[in-house]
Each structure stands twice: as C-alpha cells, then as structure tokens.
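Reader: I have a structure on my screen. Please show me how to read it, one feature at a time.

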Amino acid sequence: MSRSTAPILWCDAGRSPFDMGRLYGPGIAAFGLDPARLILVAPPRDSDCLWVMEEALRSHAFAAVVGEVESSSASLDLTATRRLQLAAEEAKIPVFLSTGCRKAAGGASAAVTRWQVKAAPSAPVSYADEKERLPGIPRWEVDLVRSRGGQPGHWLVEWSGAANLFSVIDAEETHRAKPGLVAGYANVEALVPLRRMG
C-alpha cells in the first residue's frame with residue numbers, strides 16, 4: 001500500500017463486535033498510513049459491506065480494500081468470499097476481511113489465508129525503571145491458521161515507527177511469549193496472496 005498513492009477503502013461496521021469506536025487518524029498515521037488516504041464507508045448490513053467491497057475491487061480505484069463482517073453473519077459464506085477472491089485476483093488488489101474477535105468457527109471461505117492476531121506484551125523499556133512499567137514497542141502474536149498451499153505458522157512481531165515496518169522477533173523469543181496474557185484478538189482473512197513472513 002505504501003507504493004501507491006491510491007486511496008484505501010475501509011468498510012467500518014461500527015457495530016458488535018467492531019463497536020470500539022471509529023478509526024483514529026493519529027493512530028493510523030503512527031503506522032505509516034496517511035489518514036487522508038482512507039475512504040470510510042459505514043454500510044448498514046453485512047451484505048451491503050460485501051457488495052461495497054466487491055464493487056470497490058472492480059473499480060480498480062483503490063490500493064487495498066478492508067472490510068469488517070462478523071464471522072457468524074449469514075451473509076458471509078463460501079459464495080460471497082469466492083466473489084471477493086475472484087474480484088481481488090482480477091484487480092490485483094489486496095483484500096482484508098476482519099471477522100471479529102470471537103473464536104472463528106472455521107467456516108467455509110475462499111480466502112487464500114486466515115490469520116489470527118492478538119496483542120502481546122511489549123518488551124521492557126531499557127532506559128526506564130522497572131517500577132514505572134512503561135509500555136515498549138507494540139507487539140502482536142500472529143498465527144497463520146490456514147494457508148492454501150502452505151504451512152500454518154506462529155510469529156511474534158513488533159512495530160517500529162521509526163523504521164515504518166513490522167519485524168519478526170527471533171524464534172526463541174517467540175516460544176517464550178506467554179499466550180493468554182491478553183484476551184482480545186481478531187481474525188483476519190486475506191483474499192489474495194501476501195508476501196511470506198519470515
């Protein structure tokens with residue numbers, strides 16, 4: 001997305017389980033994305049969200065398309081995800097579908113990959129007193145749950161705002177990460193192949 005100046009479409013459900021407030025411009029900018037590039041759409045129904053995403057892909061006007069649809073939605077089925085996947089492949093535009101923070105039932109989907117992302121404890125800040133408990137660089141546990149033609153995997157990644165990139169933490173530290181410290185996570189499906197991690 002950073003190699004393009006095209007806008008990014010985000011279908012913001014604004015309802016459970018995504019009702020944690022609107023996207024925050026300074027937070028998006030901290031991840032290297034100009035908030036002015038975002039076009040937010042708030043469709044009233046999940047079926048409308050899927051339709052908007054498909055039409056956005058067919059327009060070839062966006063650098064990426066993101067949508068939020070609850071995993072238990074009746075609109076989210078194999079046919080809907082296959083239509084999105086075909087449109088994404090034709091347009092050569094990445095599509096990300098966030099299906100909420102409940103355990104994915106593993107329903108039928110045409111997505112090329114299925115990821116589970118959850119917050120992880122940050123590394124200690126080296127220059128601070130341990131009693132201060134200052135947060136360090138943000139980290140996430142990333143699990144590749146399903147990959148067509150590939151292997152599942154687990155990574156601990158962190159974001160460097162200075163370098164404007166995610167880094168994979170070494171394998172030994174990944175195994176030392178304590179699962180379950182943070183309850184919140186999100187399931188994300190990518191409907192076109194992404195560059196391989198690590």
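Author: Start with contacts. Contact means heavy atoms within 4.5 Å. Take Leu50: leaving out residues up to four places away in sequence, Leu50 touches Val69, Ser75, Leu76, Ala80, Leu84 and Leu97.

Reader: What kind of model is this, and how are residues numbered?

Author: This is a predicted model, where local features need pLDDT of at least 70, side-chain atom pairs count only at pLDDT 80 or more, and totals for chains, interfaces and linings use all residues. Residues are numbered from 1 along each chain as its sequence is written, and side-chain values use heavy atoms, with hydrogens and water left out.

Reader: How many helices and strands are there in the protein?

Author: The terms come from DSSP runs: helices are H or I over at least four residues, strands are E over at least two, and both are numbered from the N terminus. The protein has 4 helices and 9 strands. From the N terminus on, they run β-α-β-α-β-α-β-β-β-β-β-α-β. As for contacts between residues at least 6 apart in sequence, 70% join residues at least 24 apart.

Reader: What share of the residues counts as buried?

Author: Buried means under 20% relative accessible area, exposed means over 50%, and partly exposed is in between (1.4 Å probe, protein chains only). Of the 198 residues, 40% count as buried. Now compare single cases. Tyr24 sits in the loop between strand 1 (8-11) and helix 1 (25-30). Its relative accessible area is 58%, so Tyr24 is exposed. Thr113, in strand 5 (residues 113-120), has 7% and is therefore buried.

Reader: Which residues have the most contacts inside the largest nonpolar core?

Author: A nonpolar core is a set of buried Ala, Val, Leu, Ile, Met, Phe, Trp, Tyr and Cys residues joined through side-chain atoms within 4.5 Å. The largest has 20 residues, and Leu9, Leu50, Met53, Leu57 and Val65 have the most contacts inside it. Strand 1, helix 2 (46-59), helix 3 and strand 4 (95-98) each give two or more residues to this core. Helix 2 gives the most, with 6 residues. Another core lies apart from it, with 7 residues, including Ile8, Ile28, Leu38 and Ala63.

Reader: Which side chain makes a polar contact with that of Gln85?

Author: A polar contact is a pair of N or O atoms within 3.5 Å; within protein, one must be able to donate a hydrogen and the other to accept it, and residues adjacent in sequence count only if both atoms are side-chain atoms. Gln85 is in helix 3 (residues 78-91). With 1% relative accessibility, Gln85 is buried. Its side chain joins that of Arg82 through a polar contact of 2.2 Å. Likewise, the side chains of Thr113 and Trp115 make a polar contact at 2.8 Å.

Reader: How many aromatic pairs does a search of the whole structure find?

Author: Two values describe a pair of aromatic rings: the distance of the centres and the angle of the planes. Rings of Phe, Tyr and Trp (its six-membered ring) pair if their centres lie within 6.5 Å; planes under 30 degrees apart are stacked, over 60 edge-to-face, and the rest tilted. The search finds 6 aromatic pairs. One of them, Phe31 with Trp140, is tilted, at 5.9 Å centre to centre and 55° between the planes. Phe31 lies in the loop between helix 1 and strand 2 (38-41) and Trp140 in strand 6 (residues 139-147), so the pair ties together parts 109 residues apart in sequence. Trp140 also pairs edge-to-face with Phe166, at 5.8 Å and 70°.
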